[in-house]
Amino acid sequence: LWNAGWFGAIAAVVIPGPIALVALLVMLYGLLGAGQPWIHVDVETGEEHWPQRIALTLPLPLRPAGVLLRALSGRLPALRRTAIDDVILSLDAADLKRNPLIIDVPEGGKGQQVRLVVGV
């Protein structure tokens with residue numbers, strides 16, 4: 001870095017910084033999601049062209065999300081009027097490994113369908 005000059009030294013620190021921050025956030029999200037249930041979203045668009053199907057699977061850290069929402073409810077008046085933190089903590093207490101939460105939503109006559117599964 002010393003031989004690259006000041007611009008090279010600054011670029012060597014500034015450019016990889018955001019990439020390392022994103023990698024750290026992804027790693028932290030994975031650690032929070034370890035042992036937690038997963039959310040699977042499967043959307044059949046009913047279209048003949050791309051995208052015909054959209055599928056997304058992510059770990060769902062329910063306990064940290066519930067605690068965060070409960071902590072923020074004092075500062076955000078809109079959260080005080082809802083019970084979303086209780087719903088999230090109830091999902092965390094449920095046995096989603098044996099009995100996953102499955103929501104099927106058939107829509108329209110073109111074959112559109114949304115399936116949401118919370119569990120392992």
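Because the model is predicted, local features need pLDDT of at least 70 and side-chain atom pairs count only at pLDDT 80 or more, while totals for chains, interfaces and linings use all residues. Residues are numbered from 1 along each chain as its sequence is written, and side-chain values use heavy atoms, with hydrogens and water left out.

Strands (E, at least two residues) and helices (H or I, at least four residues) are DSSP runs, numbered from the N terminus. Two strands count as paired if DSSP finds at least two bridges between them.

Strand 4 (residues 112–119) pairs with strand 3 in the antiparallel sense over 7 bridges. Within this pairing, Ile-103 is opposite Leu-116 of strand 4, and Leu-101 has Val-118 in strand 4 as its bridge partner. Strand 4 is also joined to strand 1 by 7 bridges, and these two strands run antiparallel. Here Asp-42 is opposite Arg-115 of strand 4. In a regular strand the side chains alternate between the two faces of the sheet.

Arg-115 leads on to the salt bridges. The whole structure holds 4 of them, a salt bridge being a side-chain nitrogen of Lys or Arg within 4 Å of a carboxyl oxygen of Asp or Glu. Arg-115 forms one with Asp-104, and the closest N and O atoms are 3.3 Å apart. Arg-115 belongs to strand 4 and Asp-104 to strand 3, so this pair ties together parts that are 11 residues apart in sequence. Arg-115 is partly exposed, at a relative accessible area of 35%, and Asp-104 is partly exposed at 39%. These classes are set by relative accessible area: buried is under 20%, exposed is over 50%, and partly exposed is in between (1.4 Å probe, protein chains only).

Asp-42, Glu-44 and Arg-53 are linked in a network of salt bridges. In the bridge between Arg-53 and Glu-44, the N to O distance is 3.6 Å. Glu-44 is partly exposed, with 32% relative accessibility. A further salt bridge joins the side chains of Arg-98 and Asp-95 at 3.7 Å, N to O. Arg-98 is exposed, at 69%, whereas Asp-95 is partly exposed, at 37%.

The loop between strand 1 (38–44) and strand 2 contains Pro-51. A cis peptide bond, with omega about -5°, joins Trp-50 to Pro-51. Most peptide bonds are trans.

The helices can be taken in order. Helix 1 (residues 5–14) contains Ala-9, which is buried at 18% relative accessibility. Ala-9 and Glu-44 are 35 residues apart along the chain, and their C-alpha atoms are separated by 50 Å. Leu-28 is in helix 2 (residues 16–33) and is partly exposed at 46%. Leu-28 is also one of the residues of a nonpolar surface patch of about 710 Å², together with Leu-21, Leu-24, Leu-25, Met-27, Leu-31 and Leu-32. Patches take residues with over 30% relative accessible area and no salt bridge, joining like charges within 9 Å and nonpolar side chains (Val, Leu, Ile, Met, Phe, Trp, Tyr) within 5 Å. Accessible areas come from the Shrake-Rupley method with a 1.4 Å probe; for residues, only the protein chains shown count as cover.

Helix 4 (residues 77–80) includes Leu-79, which is buried at 18% relative accessibility. Leaving aside neighbours within four places in sequence, Leu-79 is in contact (heavy atoms within 4.5 Å) with Leu-69, Leu-72, Ser-73 and Ile-84. Leu-79 and Leu-60 are 19 residues apart in sequence and 20 Å apart, C-alpha to C-alpha. Asp-92 lies in helix 5 (residues 84–93). Not counting residues up to four places away in sequence, Asp-92 touches Gln-36, Leu-62 and Arg-63. Asp-92 and Ala-9 are 83 residues apart in sequence, with 47 Å between their C-alpha atoms.
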